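Here is a short note for your review.

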Amino acid sequence: MPSGSNNTSLPRYSIAMLSACALAYEVLLMRLFSIIQWHHFAYMIISLALLGYGASGTFLSFFSQHLQRHFSKVYLANILLFSLTTIICFLVAQQIPFNAEEILLDVKQSFYLLYIYLLLTLPFFFAANAIGLAFMKHRQHISQIYAADMIGAGLGSIVIIALLFYLLPNEALRLLAVLGILAGVLACWELGIVRKTRLIFIPLLVLLLLLPTKWTTLTISPYKSLEQTMRITGTRMIAEHSSPLALLNIIESPVIPFRHAPGLSFNADIEPPKQIGIFSDADSMTVITENSGNKKDFRYLDQITSALPYHFRQLDDVLILGAGGGADILQANYHGVTNIDAVELNPQIVKLMREKYAVFSGQLYNQANTHIHIDEARGFVSASNKQFDLIQMAMFDSFSASSAGLYALSESYLYTVEAFQTYLAHLKTNGYLAISRWVKLPARDTLKLLATAIAALKKNEIVDIEKSIVLIRSWQTSTLIIKNGHFSKKEITALQNFCQQRSFDVAYYPNIKATEVNIYNRLRQPYYYQAANALLTEDSERYIENYKFNLQPTTDDHPYFFNFFKWSTLEEILKLSGKGGLPLLEWGYLILIATLLQALVISFVLILLPLIIFKPEQQKSPLNGLGRLRTFAYFSLLGLAFLFIEIAYMQKFILFLHHPLYAIAVVLAAFLVFAGLGSNYSTRFAQQENQHKGVMIAVGSISIISVIYLFSLTPIFNTLIGLPTVIKVLFTIILIAPLAFFMGMPFPLGLSMLQDKEHHLIPWAWGINGCASVISAIVATLLALHFGFSLVIFAAVLFYCSAALLLIKKYH
């Protein structure tokens, strides 16, 4: 059978497998770069690497006729090149001496970053070539090809998360390359060319399987905590464990031991016992502390700011959110707590504590008074019917990443107004919510935390809010305590004695005097005291508006607690760059802006280049066709709208499923799989006179469902929140299915409109959609940062309606 024949078998299964590998590779690269660099650079690199889809559209536009004549060979070649470049390009990228921290100081770093972009673009370019070629070759079956593409991608998002429970990220990279080769084998079977190509696959598989492990070892940034720790004499890695949540490195340092006790008082006369470090993604650290059963060994845990609540009165029921290596459990035991509930998100840490390090930790996770829950912190509290004397949240993130503004793009539903309301609702009368964070100067985290807590108390209509809050700080940490009631004189006296004995500074308590603050760990001004007093007045909004960093209270619709960036402060910080001012920059936000600018420039070139270079007869469209401008607008709007909705609802379902891993896996897979089913259904509108009707039905349904969900999902979630996770996953799929189903129809129907008389525009439309998708992910994040996810959904509906309006103008 000639390779260029229109009778070539439809390669739907190899398309599905290739798409699964490509989506899995995208997720895996995010994990890899989160480990070796910082997660915001992972976001930037992947966003621009995905422009390979746009580059593919340009490439196919230039050479479509020649490539279609040799479809089978070119299709197979692109699958194999995808497989090989997945691993080769990453290995080469690791050798480029890129240092994220020097990007504003060293011009060479920008070029290094560009090289990494170009390298990581290649695998996506080859995958998109194969899919785009299938669209052109099988123009009569576009909906089936797109369905295979979407369903495969959905399954890929599940597969890679499952793999990361059993394989280290670099091992998963090798496996994806092997699976890419197997997609090529599947393509040969579908195209009927197995005999001619079977000798190609065996050497490639052997090459990938025998690749030395040392070559795929991850090269981690020297500025991350793990690499800095490994430079200490005698330090050694004793174990490594992988999961989709984090790569855990277990570190022992016998020569210069760990002494992890954040904010330990300078008055402390005892050191921590022997400790073993656990690093998550080469940065955030928790420790497992040796427990010989001698209570006095843990007296140091009474010398940190988080110990304050235990000095107010005897506490019987304590909830610890983020148990980690167990320091907060040890602290609660030291203070005689009779019942401890501890929540830890990562099941691997729990397993380590219950098994391998059970004896070392004194059976800490197996004690009768301690109940360990593997769950997301806020989700556990929401679903619990229990009330507590104390809810303790201490040091959730690493100091290095937090101080560098690297979490600016991270959504956190732990520190929102609604989250605080949930915590307060689970306190007993006169119970305490205690949150400890790193002290950063100029003050940011603690002040935003305080502003959010005050907003929650106001929303709860608490009387005399100023009597329900206290705030203290050490040289390194701060602890904010909110009481379900008013602080008594006895408690204030206990606070004063606690701080005086440990040389901690009191920042705020009811009726505090200015002479009582900024005594031990002196700052130029009593910033925390000034902020607390300002935020507790009716004029708090003016204070927030005039402050040099963003202190607006975070909400579930604006969950970016770690975003402190203000444009008005940027110029001042840049002027201080030669005086050590660059650490004040919120890097995450600036990287997002840089990513958007670069994506716009590259997309502009990739999309408009064909229009400039194509010959006039190629550009000319028939009178009854869509036309170039309408094609550009239609597929750009679809690319923007699809990801807007996907990203916004992914965030909303995190609040329902709570576990971020489950939410991302289930929501992404459900959107892609049901969009694929919708694409397959759209074949019912394949006739030219029905295509625009299919788009109208789809867009109308998307708009109605989106608006209904916008107002009804929160009440639905509140009703179902207490159900088991499996049932909630089922409800999530049921809720997403109709929306995703209709979202899968406009794109293949648009391509079908081009198939007869404007088929030369199909690869261009494919590239436009790819570029728009990259840009939409960035723009959606920016909109959510400033205006919230509700606006993102409204914008998506507007984009879909605008795309439909283009067709109304054409057909009427």
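1. A cut-off comes first: a residue counts as exposed when its relative accessible area is over 50%, as buried when that area is under 20%, and as partly exposed in between. Take N511. At 71% relative accessible area, N511 is exposed. N511 sits in the loop between β12 and α17. Its phi is near 65°, a positive value in a residue other than glycine. Keep in mind throughout that this is a predicted model.

2. Q363 also deserves a check of its backbone. Its phi is near 55°, again positive in a residue other than glycine. The loop between α11 (347-354) and β7 (370-374) holds Q363. Its relative accessibility is 33%, so Q363 counts as partly exposed.

3. There is a cis peptide bond to note. It runs from L441 to P442, with omega near -5°. P442 belongs to the loop between β9 (427-438) and α15 (445-459).

4. Next, the second largest pocket. Its volume is about 510 Å³. The lining comprises 22 residues, and R378, D556, L655, T714 and N718 are the closest to the pocket centre. Two or more lining residues come from each of α12 (377-383), α14 (417-425), α22 (628-657), α24 (688-720) and α28 (789-811). Of the elements, α24 gives the most, with seven residues.

5. What is the lining of this second largest pocket made of, by class? It has 10 nonpolar, seven polar and five charged residues. Domain 2 (314-579) and domain 3 (619-812) each contribute at least three residues to the lining of the second largest pocket.

6. The whole structure holds four cavities of 30 Å³ or more. The second largest cavity has about 50 Å³ of space. Its lining includes R473, D505, N518, Q525 and Y529. Both β12 (505-508) and α17 (527-535) supply at least two residues of that lining. By class, the lining of the second largest cavity has eight nonpolar, two polar and two charged residues.

7. Y508 is worth a look alongside that cavity. Y508 lies in strand β12. Its relative accessible area is 5%, so Y508 is buried. R473, one of the residues lining the second largest cavity, is 35 residues from Y508 in sequence. In space, the two are 9.8 Å apart, C-alpha to C-alpha.

8. Helix α16 (residues 489-502) is a case of two faces. The helix has 14 residues and reaches 20 Å from its first C-alpha to its last, close to the 20 Å expected at 1.5 Å a residue. Its buried residues are E491, I492, A494, L495, F498, C499 and R502. Seen down the axis of α16, these fall within an arc of 160°, so they line one face of the helix. On the face turned away from the buried side are the exposed residues K489, K490, Q500 and Q501.

9. Which residues of α26 are buried? They are P746, F747, P748, L749, G750, L751, S752, M753 and L754. Helix α26 (residues 746-754) has nine of its nine residues buried, so it is largely enclosed by the rest of the structure.

Note on methods. Residues are numbered from 1 along each chain as its sequence is written. This is a predicted model: local features need pLDDT of at least 70, side-chain atom pairs count only at pLDDT 80 or more; totals for chains, interfaces and linings use all residues. Side-chain values use heavy atoms; hydrogens and water are left out. On a 1 Å grid over the protein atoms alone, a cavity is a set of points where a 1.4 Å probe fits but cannot get out, and a pocket is an open set with protein on both sides within 12 Å along at least five of seven lines; lining residues have an atom within 4 Å of a point. Grid points are joined across faces, edges and corners, and a volume is the space filled by probe spheres set on the points. Helices (H or I, at least four residues) and strands (E, at least two) are DSSP runs, numbered from the N terminus. Ala, Val, Leu, Ile, Met, Phe, Trp, Tyr, Cys and Pro count as nonpolar, Asp, Glu, Lys and Arg as charged, and the others, Gly among them, as polar. Domain bounds come from an automatic or database domain assignment. The expected span of a helix is 1.5 Å times one less than its number of residues. Buried means under 20% relative accessible area, exposed over 50%, partly exposed in between (1.4 Å probe, protein chains only). The arc is that of the directions from the helix axis to the C-beta atoms.
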